[in-house]
Amino acid sequence: MDADDTGNRLRFQLELEFVQCLANPNYLNFLAQRGYFKDKAFVNYLKYLLYWKEPEYAKYLKYPQCLHMLELLQYEHFRKELVNAQCAKFIDEQQILHWQHYSRKRMRLQQALAEQQQQNNTSVK
Amino acid sequence: MAMAAAAAAAAGAGPGAGVTAGGGGGERSSTRDRLLAALEDLELLARELIEILAISRNQKLPQPGEESQILELLIQRDGEFQELMKLAVDQGKIHHEMQLLEKVVEKRDNDIQQLQKQLKEAEHILATAVYQAKEKLKSIEKARKGAISSEEIIKYAHRISASNAVCAPLTWVPGDPRRPYPTDLEMRSGLLGQMNNPSTNGVNGHLPGDALAAGRLPDVLAPQYPWQSSDMSMNMLPPNHSNDFMLEPPGHNKENEDDVEVMSTDSSSSSSDSD
């Protein structure tokens, strides 16, 4: 019983790590090129992993983006496309650009604020 | 003179009386027809009588007693005629009443239709209201089910942003190895990656701590592996599943642990060098 529990806890951590690895498009490309996506058992496993979408599990995810990738992976077309390196590269670029979204926004705000302050200064003078 | 009045009455009573008595095929003629027939008879008899009287003035009666016969017929017919007239008057009254009643019926019909319309409208409005109320209840139920304390959400938001998992670090430039997903290095240093390297030598003989000491890893990676929020996740269990993923779900089966191990030992084709 205890061994079972430990085994299950270990499985929890392993699955937690694995599902988050799916956020890495290069890793997905790796898996696609080695034909894992053609394995029916693997596809079923991906479907099983959808339990990470439940809030009581999702709160352990550090990279919640992986859930989106997991959802996309349920579609065969997506799995097939991932064999291309360009596809993976494109996803990678878009992910990074999206990642920077808030820092860009913040920079813009800061710039706007700086400009405003400058204007105030010049008008005061 | 009397006959002219009678004819007018017959014409007036005709349309109404015609309806009441016309239903018997040819057996019962309408009051109007009977009145007209009686009138014709009277006219005929009157004419005959006058002819006979005219003839008898000049010559002897060919048939004695004929004028009395005719007279009798005349009287009889007149009696019938008077009765028919009375009948016609009664029928006229009834017809008039019928018309009044019909008007009342029509009015009532309109009232009923009006009420029907209003009822239908009311029903429609109520149905809409009930439907929307049900929808609201459903969404309330749904919201209640998914209720999460704001504190937890804030904690989670802090965790994923502070580690730069969902938001790029402010000093990020192209060339910075950090990524919005676990990098190769992180993957290998995690539990999954360590599964085929049970030795404590770490990956390829290097411990991640070494790389940190060598100054090549940012602080974020050492030794706090991305997925070990260990205080939290130690007691968590994944959903149960049977051991063979070859079958269709929900009979989910064994993960291909072999593949998982293979993943960790193979060097990824597109990764940079791991040390």
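Tutor: Helices here are DSSP runs of at least four residues, and strands are runs of at least two, numbered from the N terminus. Keep in mind that this is a predicted model.

Student: How many helices and strands does chain A have?

Tutor: Chain A has eight helices and zero strands. Along the sequence the pattern reads α-α-α-α-α-α-α-α.

Student: What share of the residues in chain A is buried?

Tutor: Buried means under 20% relative accessible area. In chain A, buried residues make up 46% of the 125 residues. Then look at sequence separation. Take the contacts between residues at least 6 apart in chain A: 67% of them join residues at least 24 apart.

Student: Let me try one helix. Which residues of helix H5 of chain A are buried?

Tutor: H5 covers residues 65–73, and its buried residues are Gln65(A), Cys66(A), Leu67(A), Met69(A), Leu70(A) and Leu73(A).

Student: What do the buried residues of H5(A) pack against?

Tutor: Five helices of chain A: H1, H2 (25–33), H3, H6 (76–81) and H7.

Student: Next, cysteines. How many disulfides does the structure hold?

Tutor: The test is a distance: two cysteine sulfur atoms must lie within 2.5 Å. Over all chains there are zero disulfides.

Student: What describes a pair of aromatic rings?

Tutor: Two values: the distance of the centres and the angle of the planes. The structure holds 15 aromatic pairs over all chains. One of the pairs is Phe18(A) with Phe42(A), at 6.2 Å centre to centre and 85° between the planes, hence edge-to-face.

Student: Where in the chain do Phe18(A) and Phe42(A) lie?

Tutor: Phe18(A) is in helix H1 (residues 2–21) of chain A, and Phe42(A) is in helix H3 (residues 40–48). They are 24 residues apart, so the pair links distant parts of the chain. Phe18(A) is buried at 3% relative accessible area. Phe42(A) is buried too, at 6%.

Student: And how are the rings of Trp99(A) and Trp172(B) arranged?

Tutor: Their centres are 5.6 Å apart and the planes stand at 80°, so the pair is edge-to-face. Trp99(A) lies in helix H7 (residues 85–99) of chain A, while Trp172(B) lies in the loop between helix H4 (150–162) and helix H5 (184–189) of chain B; therefore the pair joins two chains. Trp99(A) is buried, with a relative accessible area of 2%. Trp172(B) has 13% relative accessibility and also counts as buried.

Student: What is Ser103(A) in contact with?

Tutor: Contact means heavy atoms within 4.5 Å. Leave out the neighbours within four places in sequence. Ser103(A) is then in contact with Cys167(B), Ala168(B) and Leu170(B). Within chain A, Ser103(A) lies in helix H8 (residues 101–124). A polar atom of the Ser103(A) side chain is 3.0 Å from the backbone oxygen of Gln100(A). Ser103(A) counts as buried, at 10% relative accessibility.

Student: Where does UniProt place the coiled-coil region in chain B?

Tutor: An unreviewed UniProt entry puts "coiled-coil region" at residues 32–59 and 98–132. Compare the record with the model. Residues 32–59 of chain B are 96% helix and 0% strand, with end C-alpha atoms 40 Å apart. Residues 98–132 of chain B are 100% helix and 0% strand, with end C-alpha atoms 50 Å apart.

Terms used: Residues are numbered from 1 along each chain as its sequence is written. Chains are lettered from A and ligands numbered from 1 in the order in which they are written. This is a predicted model: local features need pLDDT of at least 70, side-chain atom pairs count only at pLDDT 80 or more; totals for chains, interfaces and linings use all residues. Side-chain values use heavy atoms; hydrogens and water are left out. Buried means under 20% relative accessible area, exposed over 50%, partly exposed in between (1.4 Å probe, protein chains only). A polar contact is a pair of N or O atoms within 3.5 Å; within protein, one must be able to donate a hydrogen and the other to accept it, and residues adjacent in sequence count only if both atoms are side-chain atoms. UniProt positions are given in the numbering used here, feature names are shortened, and annotations may be inferred rather than shown by experiment. Rings of Phe, Tyr and Trp (its six-membered ring) pair if their centres lie within 6.5 Å; planes under 30 degrees apart count as stacked, over 60 as edge-to-face and the rest as tilted.
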